[in-house]
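Dear colleague,

Please find below the structure that I am handing over to you. My notes on it follow directly after.

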Amino acid sequence: MTLELHRDALRGLTNLQHLDLTDNNLWTLPSELFCPVQSIVSLNLTRNKLQDITSLGFADWGESCTPNLEILDISNNDLSALPDGALSSLRRLTVLKVQDNAIGSVGDHALTGLTSLQILNMSSNRLVALPPELFSKTRELRQLILSNNSLTVLAPGLLDSLEELQELDLSNNGLTNPWVKRDTFSQLIRLVVLDLSFNALTKIDASVFKGLSSLQILKLEYNNIDTLADGCFASLISLHSLMLSHNRIARFEPVHTVGLSALGQLFLDSNRLRVLHRQVFTNLTNLQDLSLSGNALTEVPYAVRVLYSLKTLDLGNNQMSRIDNDSFAGLNEVYGLRLVDNKLENVSREAFATLPALQVLNLANNFIRHVEQSAFSNNPVLRVIRLDGNQLTEIRGAFTSLSTLVWLNVSDNKLLWFDYSHLPSSIEWLDIHSNQISELGNYYMVHNSLRIKMLDASYNLITEIKDVNVPDSVVELYLNNNKIRNIAAGTFSQKPNLKDVVLSSNEIKKLEIAALGLQSSVSESKELPAFYIGNNPILCDCTMEWLPRINEMARLRQYPRVMDLNAVTCDMVHARATPRRPLLSLKPKDFLCRYDTHCFALCHCCDFDACDCEMTCPDNCSCYHDHSWSSNVVDCSNAGYRHVPERIPMDATEIYLDGNELGDLSSHVFIGKRRLEVLYLNNSRIIAIHNRTFNGVGALRVLHLEDNALRELRGFEFDQLERMSELYLDHNAIATVGNTTFKKMQNLEVLRLDNNRIVDFRPWEALPSVGDGTKVALEGNAWSCECANAARLRAWLAEHRGDPEKMYCRDGSETLAQAMEKCGDPSTEAVSRGIQEIPLLGSNFVPLLAGALVAVIAVCLIVALAFVFRQDVRLWAHSRYGLRLGKMTAPPDEERDRLYDGYIIYSERDEDFVSRFLAAELEQAGLALCLHWRDLPPARPQEALPPAAASARRIVIIFSPVFLANEWQHAEFRAALRTALENIRPTSRKRRVVVLLATETPTRDPELQLLLQTCTVVIWGEKRFWEKLRFAMPDSVDKRRDSKKVNDRNRTPTRYTAAPSAAVDVWTKPNGVLVAPVHHAPTPTPTQSTYVSSASSRTEDEDSGAEHQHHQHHQHHPHQHGYSALHAGNGRPASLSSRGSHLYSTIPEPPVVPTAPPGEALAPAHPGNPRTYFV
């Protein structure tokens, strides 16, 4: 968006001093825009699209409009040039910023008139050269920044007039030696900082810095310097910091340090030094920081022994293989020593004895195999030691004498044994990851006296964790990538400071809930610890049923939050289940345990056969049960049975008998299995079933009879199976199917009859109750392709998405589709014959044809308009006349005998809006409503929601911001909602479930997105909102035409009262108060949804273009009544990610006084020191 500015936009603002116009996409400014604001002092135009600086009107062609302007920022624009006199009227300007543009040319007199300029930033442009007279009029300039350009030339005399310049930055250019020579900086007598880094210099001449007696910081790193002239720094008597890193210097002699008596920092790292002269540092008596890393030194240079004031010494990344007893003699002030990435093999007791002030020691990534006992006894203030990346096998006795040690890293070694007694009690940060430790030893039981706050023992061989293995003081605990199989109960119960525990990538199969128990109750003021248990081979048997609910139990403040529940996968006990399944996709009935025999506590007849409470697993079978015995799975597949086993447990809910040789299934073979829901009889060589074969299994929902030898279905075999939803009869030898075979299956969703020998089958007669959403497979049969029923078969296949191209005629020569084309459409043929028999009036056919053509075009136009605006027509007809055009009425069994017209689910905080406004409007229209927080007794959602939803014709879910941030995030509420929706046929879900959307929906919640796709969505505040909502609801009592008496429907809304059940008993408890569950693990992503796919539940309404909206991009407009409860709050917790790598915190720099108290922070000796010697 571009800001439009009129030339008089600032008129009247005579006292304006500061104007900020950043980020406005300005391309140009009107002339004389700033004339009304002559008092302006600061103007910021950064991050726009300005291309011509002269358009600002600051050239001196008359009286200046901005005589008082002192600060001008035009950075981050598209300026390509700085012409002469463009800013000549700004005589009081002190700061000019034009960095981050595309300036490639600068006029000779571009800075004319800027006599007061003190700071000029022209970095990050496209400058190649600057005119010699550019700075001739800016003698007051203090800071000049020309970095990150393409300067290869510095004109002679360019900087001569800048005698007041204090800082000059020429870094990141292409300067070479011919242009950086004796006279380049000779007049900059007050220069303090000079940056020539990242250029192409190869040599430093003796006179290049002559006259710069005030220079304190000189940066020459990242050049190609290989030669230093003798005495090249001799005139820099005030120099404090010299940076020569990342060059090609192979020779550094005493003549190069002449005159540097004030030098405090010298950086020579990443050069080509092999040896240093013994007297090279004799002149540097005040040197405090020396870096020689990244060279080719083979021993500690003798020259460092004269640096009595040295504080930090970096000798890392060299080729040193030994340290002598006197290598650091005289360095009594050194507190930081870095020897990383060398070739050291041993640490003797005398190696660091001459460093009494040493506090930070980095010996990482060497070849150290042994550290002598009490090797650091002469370093009484040592606080940090890094020994990671070596070859240590033990550390016993190496650190026990260090009473001040707080930070120890011995990771990535070969430690085989560990005990806390090897460490001083002062340690707070301990890293022992990537070793071969099998146990966190605590022989002397010192876990309650340790101070360890961070313990990283990941990537080891630890197999078990107990309370004594973890210090009581721990805050962060990393145990991932070990071999942990067992976590003892109460391991974390005495850890009051616990914050993060990572147990992922271990070998944990079973986990007691007590193993994750915390102290008796965590204070409300403290955040619950975060646990990570993903990537473990967890066996989800009946003892692990609590795991998916662990975050709900966290509200008791006695259990942690498991942050990666969505990443936890389970090994299933039942071999027929998917080998690994996501934990959050499992239902309580999926958590199974194996059993052979079992008797209930109240069972009195377990010694007798055929007793209902007897649980005996048949021979060669595997039996499983869940925690509450509500699921009982009997798997006798491929067991060699020739008849159905007689002693199958009566309470079996799933029976697998596939892969046997059952032959003829006699009557009553499954009698008494009242709870049986799933039965597998496929591939069992069954040749016949009888009318009483399935007697007594009325709860059966899924029956597999495929891959058998059935020859016929006479029509009575499935009379008992009224609840059947999935029936598989494919790959048999069925030739005839009785018309009454599937008559009583009112809930059938899947029927497979493909790959049989069916010749004459009339699905419109045999499947009268099958809905549009039912999947019927008829392919692979030998059809009788007669023309008598071609039209009806064509219509039926089109309605049920059948494919006649895959159905072949009996002779196999053509497909059913080809045969129907030959037969044609009988209705069309009849019409054609009728037209031919009508005598035409007259012999002129042109008027008749023209009229017919006009009529056809008019009809097509009307139909097209009606189709395009079909939703508006429907809403208009319904609101005006109560008609539902194109809307199929609900099946009688779904709309009959339901107590309410609608059940409204919403957030408790939206009670005022729903009851006083939304419900009042609908109840005034004659609808009987049940409101979740108004009409239901207090109960838990999983108990109240499903029965209330079953008693209503419509379920209305109000997705407000507070509902989305609270109720929707509760796993307990989602489970209750899934249960309610599972009881609704997928073909009816689009009609029965209405989502009132009053907030933006998160695109990363696939469960919510699927719900919005499969249900009717009405958006709050959209056009014709009330008409759409009433259209989605059932008609009121006075509009319904039903056989039920009107006075039964015309009753006022009452409190919901259900038949006596366990759930109702809970509702009526005096203390049945809703408790908001704790949020689930961050951004859980359900991996299996209970909602059906949109493809299987499409209805006529879903095909409507007007209703098929992309609600994610819909712009919400407030309704005229307002909605006070809706706000943009977001209750979701911040996403936490698990630790992906080892990051080491930097220890504060120590104070100047080496014997600082252990509890105080260590301040650096030089605040300006940019280096870190331990990382």
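R190 is partly exposed, its relative accessible area being 38%. Please bear in mind that the model is a predicted one.

**Salt bridges**

R190 has a partner in E164: their side chains form a salt bridge with an N to O distance of 3.6 Å. E164 sits in the loop between β8 (143-145) and β9 (167-169), while R190 sits in the loop between β9 and β10 (193-195), so the bridge ties together parts that are 26 residues apart in sequence. E164 is also partly exposed, at 23% relative accessibility. In total, the structure holds 41 salt bridges.

Another of these pairs joins R675 and D651, again with 3.6 Å from N to O. Here R675 belongs to the loop between β41 (664-665) and β42 (678-680) and D651 to the loop between β39 and β40, so parts 24 residues apart in sequence are tied together. The two partners fall into separate accessibility classes: R675 is partly exposed at 29%, whereas D651 is buried at 18%. The cut-off for buried is under 20% relative accessible area.

R953 and D901 form a salt bridge whose closest N and O atoms are 2.9 Å apart. This pair links distant parts of the chain, 52 residues apart, with R953 in strand β54 (residues 952-959) and D901 in strand β52 (residues 900-905). Both R953 and D901 are buried. There is also a network of salt bridges that links R974, R978, D1005 and E1007.

**Disulfides**

The count of disulfides is five. One of them is formed by C35 and C65, with the sulfur atoms 1.8 Å apart. Its S-S torsion is about 50°, so the C35 and C65 disulfide is right-handed. C35 is in the loop between β1 (18-20) and β2 (42-44) and C65 in the loop between β2 and β3 (71-73), so this pair ties together parts 30 residues apart in sequence. C35 counts as buried, at 19% relative accessibility.

C542 is joined to C593 by a disulfide with an S to S distance of 1.9 Å. This link is left-handed, with -100° about the S-S bond. It connects distant parts of the chain, 51 residues apart: C542 is in the loop between β31 (538-539) and α1 (550-553), and C593 is in strand β35 (residues 593-595). C542 and C593 are both buried.

C621 and C636 are likewise joined by a disulfide, at 1.9 Å from S to S. The torsion about their S-S bond is about 115°, so the disulfide is right-handed. Both cysteines, C621 and C636, are buried.

I462 lies in the loop between β25 (454-456) and β26 (464-465), and its relative accessibility of 0% makes it buried. Leaving aside residues up to four places away in sequence, its contacts include I437, L440, A457, L479 and I484. I462 and L479 are 17 residues apart in sequence, with their C-alpha atoms 8.4 Å apart in space.

V873, for its part, is in helix α7 (residues 870-881) and is partly exposed at 34% relative accessibility.

With kind regards

Definitions and conventions: Residues numbered from 1 in each chain as written. Predicted model: local features only at pLDDT ≥ 70, side-chain atom pairs only at ≥ 80, totals over all residues. Heavy atoms only, no water. Disulfide = S-S within 2.5 Å. Helix = DSSP H or I, 4+ residues; strand = E, 2+ residues; numbered from the N terminus. Buried < 20%, exposed > 50% of the residue type's maximum accessible area, 1.4 Å probe, protein only. Contact = heavy atoms within 4.5 Å. Salt bridge = Lys/Arg side-chain N within 4 Å of Asp/Glu carboxyl O.
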